[in-house]
Amino acid sequence: MSAAVGGAEFHGFSGAAQLPRSRMLGRPLRVAPPRASPAGGGNAPAASIRAVSAPLKKDASAVKRSKVEIIKEKSNFLRYPLNEELVSEAPNVNENAVQLIKFHGSYQQSDREVRGQKNYSFMLRTKNPSGKVPNQTYLAMDTLADEFGIGTLRLTTRQTFQLHGVLKKNLKTVISTVIKNMGSTLGACGDLNRNVLAPAAPYVRKDILFAQETAENIAALLAPQSGAYYDLWVDGEKIMSAEEPPEVTAARNDNSHGTNFPDSPEPIYGTQYLPRKFKIAVTVGGDNSVDILTNDIGVVVVSDSAGEPVGFNIYVGGGMGRTHRIETTFPRLADPLGYVPKEDILYAIKAIVVTQRENGRRDDRRYSRMKYLLDLWGIDKFRAEAEKYYGKKFEEFRPQPEWQFNSYLGWQEQGDGKLFYGVHVDNGRLGGQVKKTLREIIEKYNLDVSITPNQNLILCGVEQAWREPITSALAQAGLLEPKDVDLLNITSMACPALPLCPLAQTEAERGILPILKRIRAVFDKVGIKEEESVVVRITGCPNGCARPYMAEVGFVGDGPNSYQIWLGGTPNQTTLAETFMNKVKLQDIEKVLEPLFSYWHSTRQEGESFGTFTNRMGFDQLKEVVNKWAESAAAA
């Protein structure tokens, strides 16, 4: 008997033949466990839930689904039971509502340093395609942080704000205020497309502007459509906003190749949405400020010889999250998929998303990201499947420049006679006098801002005459000019981790600045110059929010005051790091880093970065260096 709910139907597909070997860093593929067999066991083929618009082929009840899939299916498009939980007297919401509120842009948290009864609060995350934040929205967020949060704002690695410490009773006030001030939290979390990254710099340049416009259009295309968000937070009120571009509406509604759920409130997502989170970045050739290869989809503007954008190169299958001691989970770099002309980009994106929607695993959330589908199928099969929904062949990749990291810090010309100023913000945390001064500047000069993927803030549209007073005000607030900030700090990132993140195993944001100072001290000790640096990223758990697996030195929390150390990323974020050492105690990091940095300093090739050096030398040689250093220290 068929089972279909709201246009979303489910069936399994048989397990494939021998799996391909990964070409990632030349290592064998780490294969995810087989999908769950149909109920009853036996020799039936492995199966995977798929939310499809085609006729049902297998009874959905015969296939295992994760608990979250059932919650989504029964939620009336993200409403129930969240609507009931929000008006209860309890300070928290129940387990089902915890899953649903993510789609609305919030995570339930508790302060892990408060003993006894749980101290519940909510973290809110905004949606800011390409990092753009209107003046009105910034000022509203700043006020909300003081009135309903913990007095700080956090700039994230995906160009959004996070607001911590909001009580349940204040959620509706806070989210409705965001909405009414040109902002949104819809889809900032949950099993759908998250914030779309793009270069944050407000350059008046055709390719940059086109990348930012494309990011905004992709975000609109993949935004939830059911209306639940506005029903819950502004009582269904229609908030005035910019009219959606007609090309976005046309691409969403097009069902020429069986991509849509007809007559569903969610034409692309259906009742089940996506198997897991989905991340997209758009950039221009050569600009890797967005960590392009870490995304489910990476989109690169291709321009002709006159600088006119003509199309896009597309990458697919990147992702950072993994689980300690489960080797079938892993970070992965995206593969080149192909090229599409600029008029087709929304249809191509939709085709890729639907390929994941139809084929991504829904039985075990550890393996539900699209990167596991790419590793299972290989790029050729994935391309062929996506082309069925695209209706065309992807063309050959177009040539593009070498990647480089751009921070966009300091004073720079926009190209329209105005300036922008990139403010370095350690770990993206705005608080105290710095937050107060930034608000005064943004309010006084009516500035829009932009958030970078490296957790910094850009003041946009600054008149030449305002440069000196703004520079002076920032200096008085204790904000150093970027040229005076240690290069280690410029390229570093950390996730929030303790005390609010429930997944954190150790410190990240609160621990990174002391660690950077210790690394600089090691540099000084072994003779590495002040103007030299390495990319350091720290996360409190293996989920990888600060993208530590792309760092030259990545610290990944694996216990209290303990880290895995990952080595081998490169300064332009194009190489995946690998695990070098496990369970390194915080107090012992110099015992690992000092011999490594000393060896790099004495034996590197001219201009060779630390990450490139570690890959060239190999981990066996580097571990021998560390061991000999320890033996010498013990004998001294």
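Let's start inside: Phe580 and Phe619 are both buried. Keep in mind that this is a predicted model.

How do the rings of Phe580 and Phe619 sit relative to each other? They form an edge-to-face aromatic pair, with 5.2 Å from centre to centre and 90° between the planes. Phe580 belongs to strand β22 (residues 578–585) and Phe619 to helix α18 (residues 619–635), so this pair ties together parts that are 39 residues apart in sequence.

## More aromatic pairs

Counting ring pairs with centres within 6.5 Å, the model has 23 aromatic pairs.

Another of them is Trp411 with Tyr421, a tilted pair at 4.7 Å centre to centre and 45° between the planes. Trp411 sits in strand β13 (residues 410–413) and Tyr421 in strand β14 (residues 419–423), so the pair ties together parts ten residues apart in sequence. Are these two residues buried or exposed? Trp411 and Tyr421 are both buried. Rings can also link up into a cluster, and Phe523, Phe597, Trp600 and Phe610 do that through ring pairs.

Now have a look at helix α9 (residues 345–359) and helix α11 (residues 379–390). Their axes come within 8 Å and cross at roughly 120°. The crossing is right-handed.

Which residues do the touching? From α9 come Tyr347, Ala348, Ala351, Ile352, Val354, Thr355 and Glu358, and they meet Phe382, Glu385, Ala386, Tyr389 and Tyr390 of α11. Sort the residues of this contact by type and you get nine nonpolar, one polar and two charged.

Now for some exceptions. Tyr80 and Pro81 are joined by a cis peptide bond, with omega at about 5°, and Pro81 lies in the loop between α1 (67–73) and α2 (82–85). A cis peptide bond also joins Leu498 to Pro499, with omega at about 10°. You'll find Pro499 in the loop between β18 (493–494) and α15 (509–526).

Next come two aspartates. Asp235 is not a glycine, yet it has a positive phi of about 55°; look for it in the loop between α7 (228–234) and α8 (246–253). Asp291 has a positive phi too, about 50°, and is in the loop between β9 (280–284) and β10 (297–303).

## A cysteine in a loop

Last stop: Cys541, in the loop between β19 (536–539) and β20 (553–559). Why does Cys541 count as buried? Its relative accessibility is 9%, and buried means under 20%.

What does Cys541 touch, leaving aside its neighbours within four places in sequence? Cys541 is in contact with Leu503, Ala504, Gln505, Val556 and Gly557. As for Phe555, it is 14 residues from Cys541 in sequence and 9.3 Å away in space, C-alpha to C-alpha.

Key. Residues numbered from 1 in each chain as written. Predicted model: local features only at pLDDT ≥ 70, side-chain atom pairs only at ≥ 80, totals over all residues. Heavy atoms only, no water. Axes fitted to C-alpha atoms, helices over the stretch in contact; angles between N-to-C directions. Helix = DSSP H or I, 4+ residues; strand = E, 2+ residues; numbered from the N terminus. Left-handed = near helix turned anticlockwise from the far one by under 90°. Contact = heavy atoms within 4.5 Å. Nonpolar A, V, L, I, M, F, W, Y, C, P; charged D, E, K, R; others polar. Phe/Tyr/Trp six-rings, centres within 6.5 Å; stacked < 30°, edge-to-face > 60°. Buried < 20%, exposed > 50% of the residue type's maximum accessible area, 1.4 Å probe, protein only.
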